[in-house]
Amino acid sequence: MGMITDWPSLAACQNGDPDALFVQGAEQNVAKRICRSCPVRYECLADALDNRIEFGVWGGMTERERRALLRRHPQVTSWRKMFEAAMKKNAKDKAGKDKILAATGN
């Protein structure tokens, strides 16, 4: 399963007030809740990180959280590719665990 290219059309926030994602202080926690159940959260976050979007809540992270993540991982040249690789590894690991469980009858 790869990442979705046309992610904005599937975003949980697409029909809401866009200004609700560009808030400050404690209101950012409310904005981040919108992202929790979003099916394209990682696509959104990767786009914000790869394009160095400075304002707003994207993919469940505030601008401060994104800046900190970028500082901690300056070697990452494409967050989208990194997330895709992590998703593939996670799917492969899950498939391996499922096979083991099936073999053991659990």
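**Figure 1. Ser-37 is an exposed residue, with a relative accessible area of 62%.** The model shown here and in the other views is predicted. Ser-37 counts as exposed because its value of 62% is over 50%, the cut-off for that class. Ser-37 sits in the loop that runs between H1 and H2. Along the chain, Ser-37 and Ala-12 are 25 residues apart, and their C-alpha atoms are separated by 7.4 Å.

**Figure 2. The protein chain holds 4 helices and 0 strands.** In sequence order, the pattern is α-α-α-α. The chain has 106 residues, of which 31% count as buried. Among contacts with a separation of 6 or more, 54% come from residues 24 or more positions apart.

**Figure 3. Ala-31 lies in helix H1, which spans residues 27-36.** The relative accessible area of Ala-31 is 1%, so Ala-31 is buried. When neighbours within four places in sequence are left aside, the contacts of Ala-31 are Ala-20, Leu-21, Val-23 and Val-57. One of these residues, Leu-21, is 10 residues from Ala-31 in sequence, and the C-alpha to C-alpha distance between the two is 5.3 Å.

**Figure 4. Helix H2 (residues 41-50) and helix H3 (residues 63-72) cross at roughly 70°.** Two packed helices are described by the angle between their axes and by the distance between those axes. For H2 and H3, the axes come within 11 Å. The two helices are therefore roughly perpendicular to each other. The crossing of H2 past H3 is right-handed. On the H2 side, Leu-45, Ala-48 and Leu-49 make the contact; on the H3 side, Arg-66, Leu-69 and Leu-70 do. Sorted by class, this contact of H2 with H3 has 5 nonpolar, no polar and 1 charged residues.

**Figure 5. Glu-43, Cys-44, Leu-45, Ala-46, Ala-48 and Leu-49 are the buried residues shown in H2.** In an α-helix there are 3.6 residues a turn, so residues three or four places apart point the same way. Leu-45, Ala-48 and Leu-49, which are among the buried residues of H2, also belong to the contact with H3.

**Figure 6. The largest nonpolar core has 10 residues.** The members of this core are Met-3, Leu-45, Ala-46, Leu-49, Met-61, Leu-69, Leu-70, Val-76, Trp-79 and Phe-83. H2, H3 and helix H4 (79-104) are the elements that give two or more residues to the core. The most come from H2, which gives 3 residues. A second, separate core has 7 residues, including Ala-11, Cys-44, Ala-48 and Trp-58.

**Figure 7. Leu-69 is located in helix H3.** Its relative accessibility is 13%, which means that Leu-69 counts as buried. With residues up to four places away in sequence not counted, Leu-69 touches Leu-49, Met-61 and Trp-79. Leu-69, Leu-49, Met-61 and Trp-79 are among the members of the largest nonpolar core. Between Leu-69 and Leu-49 there are 20 residues of separation in sequence and 8.8 Å in space, C-alpha to C-alpha.

**Figure 8. Trp-79 is in contact with residues that include Ala-46, Leu-49 and Arg-52.**

**Figure 9. Arg-52 has a positive phi, near 50°, and is a residue other than glycine.** This positive phi occurs just after H2. Arg-52 lies in the loop between H2 and H3. With a relative accessible area of 46%, Arg-52 is partly exposed.

Note on methods
Residues numbered from 1 in each chain as written. Predicted model: local features only at pLDDT ≥ 70, side-chain atom pairs only at ≥ 80, totals over all residues. Heavy atoms only, no water. Axes fitted to C-alpha atoms, helices over the stretch in contact; angles between N-to-C directions. Parallel < 35°, antiparallel > 145°, perpendicular 65-115°, else oblique. Left-handed = near helix turned anticlockwise from the far one by under 90°. Contact = heavy atoms within 4.5 Å. Nonpolar A, V, L, I, M, F, W, Y, C, P; charged D, E, K, R; others polar. Core = buried A, V, L, I, M, F, W, Y, C linked by side-chain atoms within 4.5 Å. Buried < 20%, exposed > 50% of the residue type's maximum accessible area, 1.4 Å probe, protein only.
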